[in-house]
Amino acid sequence: GSQSSTGFRMPFNVAYTFAEPKIQVFAGTRLLDLLRFDFATQLAVKKQFEDSSTLTVGYLFSMFPGKLWQDPFVVDQKRKSTDRNSQGVRVRYDRILGSNFEAEVSYRKIDLDKESSGEWLGLSDAQRKQLRRNGDQTRVELAYQYALYRGRHAFVPAISYVDHDLDGDAMASKEIGLQLTHLYRGERWRFITNLFGAREDYDGRHPVYAKTRDDTIYGASFQAFYAQPFGVKNLSVSGQLAGFMGDSNIDFYDVQATVVAASVLYRF
């Protein structure tokens with residue numbers, strides 16, 4: 001079966017920049033994370049160097065925990081939800097040694113308050129163990145930025161690898177993703193468009209559907225920023241629209257999602 005739901009999440013960012021020695025402290029969420037149902041909040045420090053490169057080191061945590069079903073396989077009765085919490089670190093290095101390369105590495109520990117997958121179906125302890133969703137996640141991304149038309153346009157192709165090292169073999173997976181970002185910088189308008197796709201292959205045979213899961217993931221997002229609305233200096237507004245689709249060889253795991261967001265930014 002399938003289920004549709006509507007939720008509300010607001011991406012936010014709060015930052016303070018020290019002009020010297022070019023250090024910024026910030027906290028917030030990323031729209032691309034929300035699109036992937038990743039509700040991590042980042043508390044980070046970013047340092048800019050003389051070669052124009054920047055190094056960001058952040059602590060990731062669940063200010064707003066995600067919601068999952070305790071047992072996704074319950075039918076004909078109300079399912080109970082549980083919180084999905086995570087914490088870890090993220091390191092990002094932009095314009096590496098003054099070049100156009102960018103790299104990001106993150107590691108997180110994922111924990112569900114209540115994991116009871118397969119309990120309603122009466123699966124054995126060994127089978128339920130294969131469905132556990134607690135564990136570790138490691139993500140590595142490498143990107144390169146091409147600037148065009150005096151820096152007004154930029155294209156950023158990226159490749160990523162994600163190791164979902166979860167406790168259950170049927171839920172653990174390896175993911176390879178590709179992403180293309182276009183950025184436009186005008187005097188008052190700024191646009192960011194993302195297209196991404198990924199292939200996710202799972203480690204073990206699913207005890208319920210008797211085959212090994214594999215998913216194909218597609219997504220797109222568009223963000224528009226407008227500076228100084230109504231002539232107010234240091235103020236900008238933005239709107240975001242994003243869509244996500246996951247196509248699995250196990251129909252139970254097919255998913256579609258849409259994210260709509262708006263934000264206001266004021267620089268002190």
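**Exercise 1. Find the residue in strand 2 that is the bridge partner of Val-14.**

Solution. In strand 2, Val-14 has Ala-27 as its bridge partner. Helices (H or I, at least four residues) and strands (E, at least two) are DSSP runs, numbered from the N terminus. Strand 2 covers residues 23–28, and six bridges join strand 1 to it. The two run antiparallel. Two strands pair if DSSP finds at least two bridges between them. Next, look at the hairpin: four residues lie between strand 1 and strand 2, and Lys-22 takes a positive phi near 60°.

The model is predicted: local features need pLDDT of at least 70, side-chain atom pairs count only at pLDDT 80 or more, and totals for chains, interfaces and linings use all residues. Residues are numbered from 1 along each chain as its sequence is written, and side-chain values use heavy atoms, with hydrogens and water left out.

**Exercise 2. Decide how many of the six residues of strand 1 are buried.**

Solution. Apply the cut-offs: buried means under 20% relative accessible area, exposed over 50%, partly exposed in between (1.4 Å probe, protein chains only). In strand 1 (residues 13–18) the number buried is zero, so this strand lies largely in the open.

**Exercise 3. Count the aromatic pairs, then classify two of them.**

Solution. Rings of Phe, Tyr and Trp (its six-membered ring) pair if their centres lie within 6.5 Å; planes under 30 degrees apart count as stacked, over 60 as edge-to-face and the rest as tilted. By this rule there are 12 aromatic pairs. Take Tyr-16 and Phe-18: 5.0 Å centre to centre and 75° between the planes make the pair edge-to-face. Tyr-16 is exposed at 53%; Phe-18 is partly exposed at 40%. Now take Phe-73 and Phe-252: 5.2 Å and 20° make this pair stacked. Phe-73 lies in the loop between strand 5 (66–69) and strand 6 (81–94), and Phe-252 in the loop between strand 14 (235–248) and strand 15 (255–266), so the pair ties together parts 179 residues apart in sequence. Phe-73 is buried at 6%. Phe-252 is partly exposed at 23%.

**Exercise 4. Judge the confidence of the model.**

Solution. pLDDT is the predictor's confidence in each residue, from 0 to 100. The protein chain averages 90, and 92% of the residues score at least 70. Over residues 1–7 the pLDDT is below 50. Beyond near neighbours in sequence, this stretch has two contacts (heavy atoms within 4.5 Å) in the model. Where pLDDT is low, the predicted coordinates should not be read in detail.
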